[in-house]
Amino acid sequence: MAINFKKTYKFAVKSALYISLFSAALMAVMKFFYTEISWAFISALSSAILIFSFFVLQYRVERFIYRRVKKIYDDVSLLESSSLRNKSITTDMATLTREVEKFARDKKIEIETLKVREEYRREFIGNVSHELKTPLFTVQGYLLTLLDGAMSDKTLRKKYLQRAEKGVERLIYIVQDLDMITKLEVGDLNLNYTKFNIVEVIQNVFDLLEMKADKKGIILMFDMKYFKPIMVYADREKIQQVVTNLVVNSIKYGRENGTTEVSIEDLVNNKIIVRIKDNGEGIEKKNVPRLFERFYRVDKSGARTEGGSGLGLSIVKHIIEGHDEKIYVESKYGEGSEFSFTLEKTK
């Protein structure tokens, strides 16, 4: 039966054999020239063996390590985006260790990121299907009822068709928001910067949402009278959408017969901050970090009864960040919430 030696043993045996053969040959040559062994002979022999051993071991060790390191590099090159493979092959152990450790850390982070994204994808698909399923089943239910005989009753027919239409409108609203959030996330924002009066924009939003607020007895108000225009430089339509979404949220989660108050403050010479504050139910601290995620709802049941796509705050965040501005949220559970964002001020 054949005996298998470790590669390191084979390497050591071959290296020792080379040195032994060289030593024997050198001894033969020395014996030919020197009949008696002297200190000069010993010194010359030792020096020759030392020099030869150094070069043999250096060359063989480098070749031995190089071949195995190259195999590691080649194996790593199977990963298409490998940053390690793009570097020159080194046989220095310290350098190689640093590179391999860095490569391992990067891959670990990459794998963890992919896991998070996969979990996020599953959650996103589940949320989308849930959001679409409710209005779809609603529309289907009313249409099936009509087909089963209710169509002959004019009163029921009109009533069910109107309800089916509301379901379709909700579907369209969700799809439009999905389309917008997709464009925002890929950077297709197409901002149209203009100078406009932010006070006027907020007042327009108040006028549009006045009836919605009245249903809950909520008063939409400024913290003070702004007699002079406050001019900002941004995309007017997008900023109006931001204010609309935030005010709608304050109405949705606000306390009945409560208030939604908007204030505008100077931060620095060229910045203002717009604050939208309500005295509603507030948000628990554990939910605050996830508020701007797509479809994330603090109140899973109550929020759905109020309608909406679940994408409002996510859209707000993308629009504000698309302007290179900041958005903030402060909330105390049971007392209310305040959302605020910055804008560039202009004259």
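This report looks at salt bridges in a predicted model.

Side chains of opposite charge can pair when their charged atoms come close. The structure holds 6 salt bridges.

| Pair | N to O distance |
|---|---|
| Arg-275 and Glu-265 | 3.2 Å |
| Lys-271 and Glu-325 | 2.6 Å |
| Arg-275 and Glu-338 | 3.0 Å |

**Arg-275 and Glu-265**

Arg-275 forms a salt bridge with Glu-265. Arg-275 sits in strand 5 (residues 271-278) and Glu-265 in strand 4 (residues 259-268), so the pair ties together parts that are 10 residues apart in sequence. Arg-275 has a relative accessible area of 19%. Buried means under 20%, so Arg-275 counts as buried. Glu-265 is partly exposed, at 35% relative accessibility.

**Arg-275 and Glu-338**

Arg-275 also meets Glu-338 in a salt bridge. Glu-338 belongs to strand 7 (residues 336-344), and this pair links distant parts of the chain, 63 residues apart. Both Arg-275 and Glu-338 are buried. Salt bridges with shared partners join Glu-265, Arg-275 and Glu-338 into one network.

**Lys-271 and Glu-325**

The side chains of Lys-271 and Glu-325 form another salt bridge. Lys-271 lies in strand 5, while Glu-325 lies in the loop between helix 8 (312-322) and strand 6 (327-332). The two residues are 54 residues apart, and their pair links distant parts of the chain. Lys-271 is partly exposed, at 23% relative accessibility. Glu-325 is buried, at 9%.

Notes:
Residues are numbered from 1 along each chain as its sequence is written. This is a predicted model: local features need pLDDT of at least 70, side-chain atom pairs count only at pLDDT 80 or more; totals for chains, interfaces and linings use all residues. Side-chain values use heavy atoms; hydrogens and water are left out. A salt bridge is a side-chain nitrogen of Lys or Arg within 4 Å of a carboxyl oxygen of Asp or Glu. Helices (H or I, at least four residues) and strands (E, at least two) are DSSP runs, numbered from the N terminus. Buried means under 20% relative accessible area, exposed over 50%, partly exposed in between (1.4 Å probe, protein chains only).
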